[in-house]
Amino acid sequence: MSISRDEAQRALSEAQRTQQRSATLRGYETAAPFLFLWAAIWFAGYGSQDLGSPLLARWTFPILSLFGWLASMVIGFRGKTQPGAHAGGMTLRWLLALVAYAVFAAGVAGIMGPVNGAQIGAFIPMIVALTYALAGLFFNATRFVIAGAAIAALTLGGYFYLPSHFMLWMAFVGGGALALAGIWMRSA
């Protein structure tokens, strides 16, 4: 029994769509632990900004961020042992992308001179939201685009409509959005 050229083309197209869908789902599963980690960091960091002493608030986020980057590297390297993990070249690209984002954020903060902690507290999540949206667009991962849009909307909503409780808003709603995105990614 032989198949026609059109049937063969349809079968190849279906196989390619299945492969792309599988890669997208694997990406969602890989992202979930990072989202859970950063949800906890946002909850603790923004919570300390609202409830803690000024000295505690000043040092909590830098310490938590350093811990978060180290923990993210551990999670990332653990994931490299799984089948289908990216080669070391991707790790270097992601590291360089993180350096570029850090330089960008520091440069904008230096040029624009945020007046208060709420401005920085809104600026960083907007960068995170942009990153998720771009990752979703470039990797054909709709859930990342939606997660980025949700983080941006929640950040802007809290910043403009709840300025006196913005940090607490970001602790619960921002951290909660990351946790829910992690659950959503893992369930894909």
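Phe172 is exposed in this predicted model, because its relative accessibility is 52%. Exposed stands for over 50% relative accessible area, buried for under 20%, and partly exposed for the range in between, with a 1.4 Å probe and protein chains only. Local features require pLDDT of at least 70 and side-chain atom pairs pLDDT 80 or more, whereas totals for chains, interfaces and linings use all residues. Residues are numbered from 1 along each chain as its sequence is written, and side-chain values use heavy atoms, without hydrogens and water.

The protein chain contains six helices and zero strands. Its pattern along the sequence is α-α-α-α-α-α. Helices (H or I, at least four residues) and strands (E, at least two) are DSSP runs, numbered from the N terminus. Of the 188 residues in the protein chain, 29% are buried.

Seven aromatic pairs occur in the structure. Rings of Phe, Tyr and Trp (its six-membered ring) pair if their centres lie within 6.5 Å; planes under 30 degrees apart are stacked, over 60 edge-to-face, and the rest tilted. Phe43 and Phe172 form an edge-to-face pair, because their ring planes stand at 80°, with the centres 5.0 Å apart. Phe43 belongs to helix 1 (residues 5-51) and Phe172 to helix 6 (residues 166-186), so this pair ties together parts 129 residues apart in sequence. Phe43 is partly exposed, at 43% relative accessible area. Tyr159 and Phe160 also pair edge-to-face, with 5.1 Å between centres and 90° between planes. Tyr159 is partly exposed at 24%, while Phe160 is exposed at 55%. Trp42, Tyr46 and Phe61 make up one aromatic cluster.

Ala44 is also in helix 1. Its relative accessible area is 34%, so Ala44 counts as partly exposed. The C-alpha atoms of Ala44 and Phe172 are 9.5 Å apart, although 128 residues separate the two along the chain.

The interior was examined next. In soluble globular proteins, nonpolar side chains tend to be buried together. Here the largest nonpolar core comprises 30 residues. Such a core is a set of buried Ala, Val, Leu, Ile, Met, Phe, Trp, Tyr and Cys residues joined through side-chain atoms within 4.5 Å. Tyr46, Phe144, Ile151, Leu178 and Met185 have the most contacts inside this core. At least two core residues come from each of helix 1, helix 2 (54-79), helix 4, helix 5 and helix 6. Helix 1 contributes the most, with 10 residues.

Helix 5 has 20 residues. From first C-alpha to last, helix 5 reaches 28 Å, close to the expected 28 Å; the expected span is 1.5 Å times one less than the number of residues. Buried positions in helix 5 are Arg143, Phe144, Ala147, Gly148, Ile151, Ala152, Thr155 and Gly158.

Helix 4 (residues 117-138) supplies the largest share of the patch, four residues. Phe139 sits in the loop between helix 4 and helix 5 (142-161). Phe139 is partly exposed, because its relative accessibility is 48%.
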